[in-house]
Amino acid sequence: MEQNIIMGELLQKNKEFSQSNKIEFDNLLELKDKHTKGQWPKSIVIACSDSRVPPELIFKQSIGDLFIIRVAGNVLSNDVIASAEYAINHAGVEQVIVLGHTSCGAVGAAMQPDNDSPFVKKLLDKIRPCIKEGMTIDEVAIDNVNHQVESFKNLLPSITTKAVNVVGAFYDLESGIVEVLENKSKEISEPVEKVLVTE
Ligand SMILES: [Zn+2]
């Protein structure tokens with residue numbers, strides 16, 4: 001229930017963002033001072049590094065509200081999982097959002113022939129199991145979100161005994177709207193969580 005309230009608030013704030021030309025944050029100094037003793041963020045957001053997808057702005061959230069982990073292509077890695085584990089077990093977070101977006105450069109790169117450095121290849125290889133012939137970048141990006149959500153859910157029992165809600169969401173660069181995805185991850189040949197342990 002609490003988690004539904006959090007998602008409802010974030011989606012409402014996103015709607016406001018998509019319709020506003022200006023965002024103002026109140027009480028920043030008070031919030032800064034309040035959080036010197038700790039943090040109690042509402043949600044973890046695993047988002048793409050893309051400069052056009054800043055989670056605090058698109059959800060109209062302020063200091064202490066979101067525990068954000070950003071990496072190109074919003075893919076899981078051992079470090080991403082470890083960061084989320086900290087927020088769940090030590091900052092009391094029970095909501096996780098994996099946030100993809102339209103026209104994702106990392107997804108586009110994953111759909112190109114592989115001629116990247118070992119670092120880039122390792123990241124793109126986490127997206128590539130989602131690619132099927134004829135799919136658009138956005139279709140692969142949505143499947144990638146669902147795939148990461150599924151993998152995160154599978155990993156949850158190894159990081160916490162708490163009930164944590166994990167959802168996938170997708171941000172449209174044009175409309176500014178975030179939509180929650182229904183998780184319908186297709187058969188993927190290589191589950192992310194299997195890749196992680198050998199990272
Ligand atoms: Zn991206």
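These legends accompany several close-up views of a predicted model.

View 1. Strands of a sheet pair through backbone hydrogen bonds, in either the parallel or the antiparallel sense.

**View 2. Strand E1 between E2 and E3.** E1 and E2 run parallel and are joined by 5 bridges. In this pair, Ile44 stands opposite Phe67 of E2. E1 also pairs with E3, again in the parallel sense, over 4 bridges. There, Val45 stands opposite Ile97 of E3. As for E2 itself, 4 of its 5 residues are buried, so this strand is largely enclosed by the rest of the structure.

**View 3. Strand E3, buried along its length.** Take a moment with E3, which is mostly covered: 7 of its 7 residues are buried. Gln95, Ile97, Leu99 and His101 point one way from the strand, while Val96, Val98 and Gly100 point the other way, and all are buried. E3 runs parallel to E4, and 7 bridges join the two.

View 4. Phe170 stands opposite Glu179 of E5.

**View 5. Helix H4 and its two faces.** Helix H4 covers residues 78–90, and its 13 residues should span 18 Å at 1.5 Å a residue; the end C-alpha atoms are 18 Å apart, which agrees. The buried residues of H4 are Val80, Ile81, Ala84, Ala87 and Ile88. Seen down the helix axis, the buried residues fall within an arc of 125 degrees, so they line one face of H4. An α-helix has 3.6 residues a turn, so residues three or four places apart point the same way. On the face turned away from the buried side, you will find the exposed residues Asn78, Asp79, Ala82 and His90. After the helix comes Gly92, with a positive phi near 75 degrees.

**View 6. Helix H7 and its kink.** Now for helix H7 (residues 137–159), whose 23 residues should span 33 Å at 1.5 Å a residue; the end C-alpha atoms are 32 Å apart, which agrees. Where does the kink lie in H7? Look at Lys153, where the kink is about 25 degrees, shortly before the proline Pro157.

**View 7. Two loop residues with positive phi.** Lys60 is not a glycine, yet its phi is positive, at about 50 degrees. Its setting is the loop between helix H3 (55–58) and strand E2 (66–70). Lys60 has 19 C-beta neighbours inside 10 Å and therefore counts as partly exposed, since a buried residue needs 20 or more. Ser103, another residue other than glycine, has a positive phi near 50 degrees. Ser103 belongs to the loop between strand E3 (95–101) and helix H5 (105–110). With 14 other C-beta atoms within 10 Å, Ser103 is partly exposed.

View 8. Lys132 is found in the loop between helix H6 (118–124) and H7. Is Lys132 buried or exposed? Lys132 has 10 other C-beta atoms within 10 Å and is exposed, because the limit for an exposed residue is 12 or fewer. For a sense of distance, Lys132 and Ile177 are 26 Å apart in space, C-alpha to C-alpha, and 45 residues apart in sequence.

Conventions:
Residues numbered from 1 in each chain as written. Predicted model: local features only at pLDDT ≥ 70, side-chain atom pairs only at ≥ 80, totals over all residues. Expected span 1.5 Å × (residues − 1). Arc of directions from axis to C-beta. Bend = angle between axes of the 7 residues up to and from the residue. Pairing = 2+ DSSP bridges.
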